[in-house]
Amino acid sequence: MSDCVTAPSGSDAKPLLQASGIAKSFGGNRALSGVDLAVPGGEMLALVGANGAGKSTLVKIVCGAMMPDAGTLELGGQTVQFRDVGDAMAAGIAVAHQQVAIIRPLTGAENIMLGREPLRGGLIDRRALAASAQALADRFGVGIDLSLECDGLSLGELKILDILKALATGPRILILDEPTASLTLAETQRLFVFLADLKRRGLGILFISHHMNEVFAQCDRVVVLKDGRKVHDGPIAETTLQAVVRLMVGRAIEETDWTSHATVADATPPVSLAGLRVGPLDVPELTVRRGEVVGIAGVLGAGQTDLLECLAGAAPGRAARRVRLAGLERLPGSVAEALDHGIYLVADDRLRKAVFRGLSVGENMLTGSLAQISHRGFVRSGVAQSTVRDLIARLRVKCSGPHQDMLQLSGGNQQKVVFARWLARIGGAADSAVLLLDNPTEGVDVGSKAELYALIREMARQGAAVLIASAEFSELIALCDRVYCIAHHRIGTCVPRAELSEDRLLLEVN
Ligand SMILES: Nc1ncnc2c1ncn2[C@@H]1O[C@H](COP(=O)(O)OP(=O)(O)OP(=O)(O)O)[C@@H](O)[C@H]1O
Ligand SMILES: [Mg+2]
């Protein structure tokens, strides 16, 4: 796989890729207007902007997945027109899209080498295929078993495979659309070591992220999109994080301490577990009181998702010594039973688990609360409409209206809709809710993140018990009263708020 790094030196004055005057509209909605973008070799260029700013649309145009309404693309000074993704790939452009493109029934190795399978005597040379994929994974330091089907992998692991798949094409330009959205700190750090190496070898890297600390620590230049227009393009060293955030979201985001510490006096905590086993994960003891936001930290695939799904009635658990869960003395037998008891899960991997394809934004928001908005079997359409309009405004969901197809929304806006579903259901009755959040702000921009944190805290203040797993330690630190750490398939140390730091969590989960 050494061909993936044989890019020409990046010292050329001409950018590897130059996009000029790119415009794109969807119906009446202008997603991009006259955007210029230059990606030089040997540089890592950040592309940032609020949810719905047009980043993914620009990426799709640059990689041949979508035709622009206007504008030109040049590669090494030559004008090019890509008819499809294959054209762009042949020209040396590889993308790991925001939405993972891994085929789950195939193995990790098959996915990485898809379309580039080594042949022998006209048949796929399985041994060579496995060796090539493994060589690439080893360079990245990936511990994923590539001989297994991908169905059991976590979203973060799938993301890593997707990045390896892009690299396997031997690109000159690598585009990563939110690669770190579901990676934990350790995986993210490994990714950056790898990217720095590719950059030294002359690759041009376009990096999209909502994590401003990554952008400022890793990138050479930053381009800011706002409402489909480029509003800034310059070296990282000549701007500040605050200035970029202000350009993106139109206002400053203050560092707020969201924790309340004012937990409700609670003799019987709504979540009290002992001696539970979920898959390979041991839960010797776990408690969440009303008014608390409690975190779970762990490396990718450590079992946090299985635990939350088990508590929400969506996955089995075994041999609990004690279960007290929202009035139940056992694990919920089904999702419906969990919902009846006020247990709500914001699942990870939204496109697979949380988004109803083919339904509109409004329908997706209301699927959890049909009983609340119905009377004698009929939906009260006035209530439904006002609930949806209220949530769209409250969460600033960028959409053309309640009727827009959910899949047409940008990634971060889809995530807001998924979150809004339980807000619609809970309404003012947060005091009896158990809220289970699995990486709930994946892909959400810095401005909206602050708003979601405020909402989560507000629900805790009203008496909800919140248990949150997050790939972002910074999120757990910002939000949680205490954080349980998973190490060696076991929920062990519970770090109190006063001791929370990224270094401490990294130490505990390794
Ligand atoms: N296929 C489509 N049909 C209609 N509208 C679309 C389509 N694809 C994108 N859009 C709209 O174009 C705008 C830009 O979306 P895009 O996905 O490029 O945003 P983004 O910057 O990547 O946001 P995020 O940070 O949430 O991923 C949004 O308003 C989105 O709803
Ligand atoms: Mg996007």
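In this predicted model, the protein splits into two domains, each built from two stretches of chain: domain 1 takes 2-101 + 172-249, and domain 2 takes 271-354 + 429-508. Their centres sit 34 Å apart, going by C-alpha atoms. Where the two meet, domain 1 puts in 17 residues and domain 2 puts in 16. On the domain 1 side, α6 (185-200) and α8 (241-249) are the elements that give two or more residues. That side comes out as nine nonpolar, six polar and two charged residues.

Next comes the sheet. Six strands line up in the order β6-β9-β10-β3-β11-β12, forming an open sheet with mixed pairing. β6 (93-96) and β12 (229-235) are the edge strands, each pairing on one side only, and the twist from one strand to the next averages 15 degrees. Strands β9 (173-177) and β10 (204-208) run parallel and share five bridges; Leu 176 has Phe 207 of β10 as its bridge partner.

Helices pack on this sheet too. α1 touches β3 (44-48), β6, β9, β10 and β11 (221-226), pointing at about 150 degrees to β9. α6, which also contributes to the domain contact, lies across β3, β9 and β10 at about 145 degrees to β10.

As for ligand 1, 21 residues surround it, with Phe 26, Ser 56, Thr 57, Ser 410 and Gly 412 the closest.

Key: Residues numbered from 1 in each chain as written. Chains lettered and ligands numbered in written order. Predicted model: local features only at pLDDT ≥ 70, side-chain atom pairs only at ≥ 80, totals over all residues. Domains from an automatic or database assignment. Contact = placed C-beta atoms within 7 Å. Helix = DSSP H or I, 4+ residues; strand = E, 2+ residues; numbered from the N terminus. Nonpolar A, V, L, I, M, F, W, Y, C, P; charged D, E, K, R; others polar. Near = placed C-beta within 6 Å. Pairing = 2+ DSSP bridges. Axes fitted to C-alpha atoms, helices over the stretch in contact; angles between N-to-C directions.
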